Amino acid sequence: MTRSTRIRRVVLASGAVTALAATLFTTAGAYADPAPKAAPDIDVKAVKADLDQLQSIADANGGNRAHGKPGYKASVDFLKEKLDKAGFTTKIQEFDGGGTKGYNLVADWPGGDESKTVMAGAHLDSVPAGPGINDNGSGSAGILEVALAVAKSGLKPTKHLRFGWWGDEEDGMVGSQAYVDKLGADKSKIDSYLNFDMIGSPNPGYYVYDDDTRLEKVLKDFYAKKNITTEKDTEGDGRSDHASFKDAGIPVGGFFSGADYKKTAEQAKNWGGEAGKAFDACYHQACDTTKNIDEKSLDTNTDAIAHAVWELSS
């Protein structure tokens, strides 16, 4: 982060009731259009395993996964392999970031109305100073596992589903802006864009974007059912990739768990954690490692992503 089936009622001759009723039941079962299933619970252990892999990539590449550095491209390759195996159609979009080649990874789930595309995205790059596990390995791993859950469940959404991992966010949302710029007239096909940047802060808060009432409600309803108080996100306004989409007139939503600002006493009362301490004291530092993650907030927030994806694409 830079700052039906319709059941037919028929009168049947008594001798044929059993056979015909069985046939009717089978037909109804095959063609029924039931309410969409609820989103699955996302295993936080799988999310943490992805974070372990991103940490290993950083460790093997100078301690970071920054734009223009080998650790970033290795991170893209890691995600792409998993998505390809799961049945997504993936593409790597190249762009120029400060004179250096950058990469976005975009993954489309087959089916759904492409004129109404629901997107979930997160930036994948770190700052040069560290591995960027909360910022933003957490959001990247969260939407990865939600995407894999879409594949595992065989979800057939009404709307088209697309996931994106952006490069060079840390220099000013360069990758996501390049993506939006290349959309051209197709930007009208984006029904909504959800952004997830820092979702596992060690002293977490629960901030929900208030840019679009419809999208905000989907997320706030999820947290309300879990008796979690939320606040409007003001800290992250214009500091993450949703800004690229919002400026193009695309409805945006999302949440994050806090960066370098300090948690107030009231927030600590509502959310737990320590008042007077930063939500993430390792923000943009070398200590933003796998130890810099609150598992409970990572788990809750990844489930919130899944809920929003299932709800909005139905």
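Is Tyr 206 buried or exposed? Tyr 206 is buried, with a relative accessible area of 8%. The close-ups below come from a predicted model.

**View 1. Aromatic pairs and a ring cluster.** The model holds 17 aromatic pairs. Ring pairs join nine named residues into a cluster: Phe 196, Tyr 206, Tyr 207, Phe 222, Tyr 223, Phe 255, Phe 256, Trp 271 and Phe 279.

**View 2. Tyr 206 meets Trp 271.** The ring centres of Tyr 206 and Trp 271 are 6.2 Å apart. Their planes stand at 70°, so the pair is edge-to-face. Distant parts of the chain are linked here, 65 residues apart. Tyr 206 sits in the loop between strand 5 (190-196) and strand 6 (207-208). Trp 271 belongs to helix 8 (residues 265-271). Trp 271 has 13% relative accessibility and counts as buried.

**View 3. Tyr 207 meets Phe 279.** This aromatic pair is edge-to-face, with 5.7 Å from centre to centre. The angle between the planes of Tyr 207 and Phe 279 is 75°. Tyr 207 lies in strand 6, while Phe 279 lies in the loop between helix 8 and helix 9 (295-313). The pair therefore ties together parts that are 72 residues apart in sequence. Both Tyr 207 and Phe 279 are buried.

Methods. Residues are numbered from 1 along each chain as its sequence is written. This is a predicted model: local features need pLDDT of at least 70, side-chain atom pairs count only at pLDDT 80 or more; totals for chains, interfaces and linings use all residues. Side-chain values use heavy atoms; hydrogens and water are left out. Rings of Phe, Tyr and Trp (its six-membered ring) pair if their centres lie within 6.5 Å; planes under 30 degrees apart count as stacked, over 60 as edge-to-face and the rest as tilted. Helices (H or I, at least four residues) and strands (E, at least two) are DSSP runs, numbered from the N terminus. Buried means under 20% relative accessible area, exposed over 50%, partly exposed in between (1.4 Å probe, protein chains only).
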